Protein chains: 2
Amino acid sequence: MQHTRRLAGCAAAALLILSAAPPAAQTPRGSQPAITSPEVRPDRRVTFRVAAPDATKVELRTPGDIPGSLERGVPMPLTKNAQGVWEVTVGPLPAGAYRYAFAVDGLTVVDSRNPATSPTNLTVYSLVVVPGSEFFDTRAVPHGAVASVHYPSTTLGGVRRMHVYTPPGYEAGRDRYPVLYLLHGTGDADQSWSTVGRAGFILDNLVASHSAKPMLVVMPAGHVNGAGAALGAPASGAASQDPDPFLGDFVTDLMPYVEKHYRVMTDRPNRAIAGLSMGGGQALNIALPHLDRFAYLGVFSSGVPANVADAWERQHLAELDDAAAKRGLKLLWFGTGKDDFVMDTTRTTLALMKKHGFSPVFVESEGGHNWMNWRDYLSLFAPQLFR
Amino acid sequence: MQHTRRLAGCAAAALLILSAAPPAAQTPRGSQPAITSPEVRPDRRVTFRVAAPDATKVELRTPGDIPGSLERGVPMPLTKNAQGVWEVTVGPLPAGAYRYAFAVDGLTVVDSRNPATSPTNLTVYSLVVVPGSEFFDTRAVPHGAVASVHYPSTTLGGVRRMHVYTPPGYEAGRDRYPVLYLLHGTGDADQSWSTVGRAGFILDNLVASHSAKPMLVVMPAGHVNGAGAALGAPASGAASQDPDPFLGDFVTDLMPYVEKHYRVMTDRPNRAIAGLSMGGGQALNIALPHLDRFAYLGVFSSGVPANVADAWERQHLAELDDAAAKRGLKLLWFGTGKDDFVMDTTRTTLALMKKHGFSPVFVESEGGHNWMNWRDYLSLFAPQLFR
């Protein structure tokens, strides 16, 4: 029995693994050589490798997160060595979490040497974390927990999934906490804020440095089909007449579930909502008609596009001019990068909100429509909550 | 702006997504056609598809979980249609969760149309769930939560990861619960019991039918390098003189962390440990020297191999003959499949334990060394705990 050979005749080694997987399970990937990928170097350069001896062209693909030559998914070629291993070194990169994949003769594949992934609603990327950040590194501080949670949806039918961050001390404690609902973008799923977004680590670090109050962060699945969608139910849900069935699920099912199943404070000053891109629009559309329930609203790289602004304004007129509800809104926060294609959308929305007596805060950052900014925005937004 | 075109001139649609991802982020995978894979059919046949028009050979690879012709990783060929999409239909399969990948001209890749994955310590598989099981389907019952938890390891240095299942009602409640520590195998990582193993759903269903007591299930990372290993620390840890550094981490760091940070009962009758394959060996090696702390011990498809049994027996002689500790062991449970290559190992261990006055229970199941059995074993073992 091959799996025990190393142990034979060595009493101390008997403490070792007693029974391993069969040969077939140990090498399911066939003849791939034992290469390391990604290799994150101390100077923050990253080497990506893929063993594809028979391929004629291999490229590194990213969804726009890696800055410089890789911005906006511009592919970067890998070169083949004598052993048939393709390789490229990029950087030094800013500290960050980066999604990537390889295109091997046109076939897009994740890095089979890297167990870390960041799924979206429709596909999956490999994930590499380049450390060096004060605010999102995995540091030696008390850590919260990020849970995968399944809840019943009367709106969409079946069982849906969300992710929930609980702060350090929650699981053994008795305190109640405020809640931030944090929504993802089109190219994401309910775990994106916890993989590429590193929301849990950001909160851990902010809480450890007393920069933010301990809070729950609830990360729903904003798509109504796909990874976090209703399981065991029709993919598009029962509420297909509603333009965005997720909004009904959020208000009717998800938020009440959280408030029943977690020790959270349920008054307005202890409830916040924010989202990026698609999720920023959803946050606006959830909060406006229920402004009496949210004291903090964050819109990351998003807003109401100019060509629908008039219609949106008419639709939400009563809420936009509800002076009583407006008074309890402690923060209306926007963040958009100078190079972001939604800048006009954000500016349109800022003007619209000001016209109706709101006092939005706007952070115009460097950069574009990517996770570098969304992690930053969370680290700027969260410290202002629940004060 | 392409992303808002669908909304123009339509007031109702203004409720829709306000700002989507840029084109580059929406179609990072280039020219792949919109195919569905995997497609789980009502009769439990599953169709796998991959778009690879230029490939000459595509196979389905599994680590031995899919029964029949796919047992033990025997590859199954896909055939190409006129559109360059390769396809194979397998089954009807038993209800289950199956890991798989494609080999495209020898390059092993996950299914890019499937966001669901099951990472191991060294690589990542796609995951398909074939429903139809009373005990591990995602059913309309109260659900617990499965959290990713980071804890400091004085033994290995740095921060390590585990997964923790908390039963329905935990997060808002005040009760204390018993704990099952549940260890994975060589070809796994700390999330494997929650992905391919479906441990959380199994416990949800057992608790809902009053077949098992509500409990925490703590799922450590049994490898000391790789996905769940110490982060920011030397890959092999500081305790490399120890034959299996994980054992020290478990006893010194992980278990005390759980007992401090969760509302768990810490007396012996409320502590259980079990594991599969490598994890079964680790469970034996953790429990034997600390038998006064565990009332239940489960060994799934594992044991002490015959060629090291004498050395192991000598090493643990004092513990094997500790009558006082033995008295409080309420269950010593073994499960191994008739076709499993570790059957001799299990039988050797049963004989050894009986020789020293233990009364092991042995379930000799059908099948081999795979997750079909390990899910079954958990569903047989958990109901016997904490009675």
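**Exercise 1. Describe how helix H3 and helix H4 of chain B pack.**

Step 1. Find the two helices in this predicted model. H3 of chain B covers residues 245-261, and H4 of chain B covers residues 278-287.

Step 2. Take the angle and the distance. Two packed helices are described by the angle between their axes and the distance between the axes. For H3(B) and H4(B), the angle is about 55 degrees and the axes lie 10 Å apart.

Step 3. Name the arrangement. An angle under 35 degrees would count as roughly parallel, and 65 to 115 as roughly perpendicular. H3(B) and H4(B) are therefore oblique to each other.

Step 4. The crossing of H3(B) past H4(B) is right-handed.

**Exercise 2. Which residues of H3(B) and H4(B) meet, and how do they divide by class?**

Step 1. List the H3(B) side: B:Phe246, B:Leu247, B:Phe250 and B:Val251.

Step 2. List the H4(B) side: B:Gln282, B:Asn285 and B:Ile286.

Step 3. Sort by class. The contact of H3(B) with H4(B) has five nonpolar residues, two polar residues and no charged ones.

**Exercise 3. Describe the contact between domain 1 and domain 2 of chain A.**

Step 1. The domain assignment gives domain 1 as 20-130 and domain 2 as 145-384.

Step 2. Count the residues. Domain 1 of chain A gives 14 residues to the contact, and domain 2 of chain A gives 14 residues.

Step 3. Look at the domain 1 side. Strands S7 (96-104) and S9 (117-119) of chain A each give two or more residues to this side. S7(A) gives the most, with three residues.

Step 4. Sort the domain 1 side by class. Seven residues are nonpolar, five are polar and two are charged.

How values were computed:
Residues are numbered from 1 along each chain as its sequence is written. Chains are lettered from A and ligands numbered from 1 in the order in which they are written. This is a predicted model: local features need pLDDT of at least 70, side-chain atom pairs count only at pLDDT 80 or more; totals for chains, interfaces and linings use all residues. Domain bounds come from an automatic or database domain assignment. Two residues are in contact if their C-beta atoms, placed from the backbone, lie within 7 Å. Helices (H or I, at least four residues) and strands (E, at least two) are DSSP runs, numbered from the N terminus. Ala, Val, Leu, Ile, Met, Phe, Trp, Tyr, Cys and Pro count as nonpolar, Asp, Glu, Lys and Arg as charged, and the others, Gly among them, as polar. Axes are lines fitted to C-alpha atoms, for helices over the stretch in contact, and angles run from 0 to 180 degrees between N-to-C directions. Angles under 35 degrees count as roughly parallel, over 145 as roughly antiparallel, 65 to 115 as roughly perpendicular and the rest as oblique. A crossing is left-handed if the near helix is turned anticlockwise from the far one by less than a right angle, and right-handed if clockwise.
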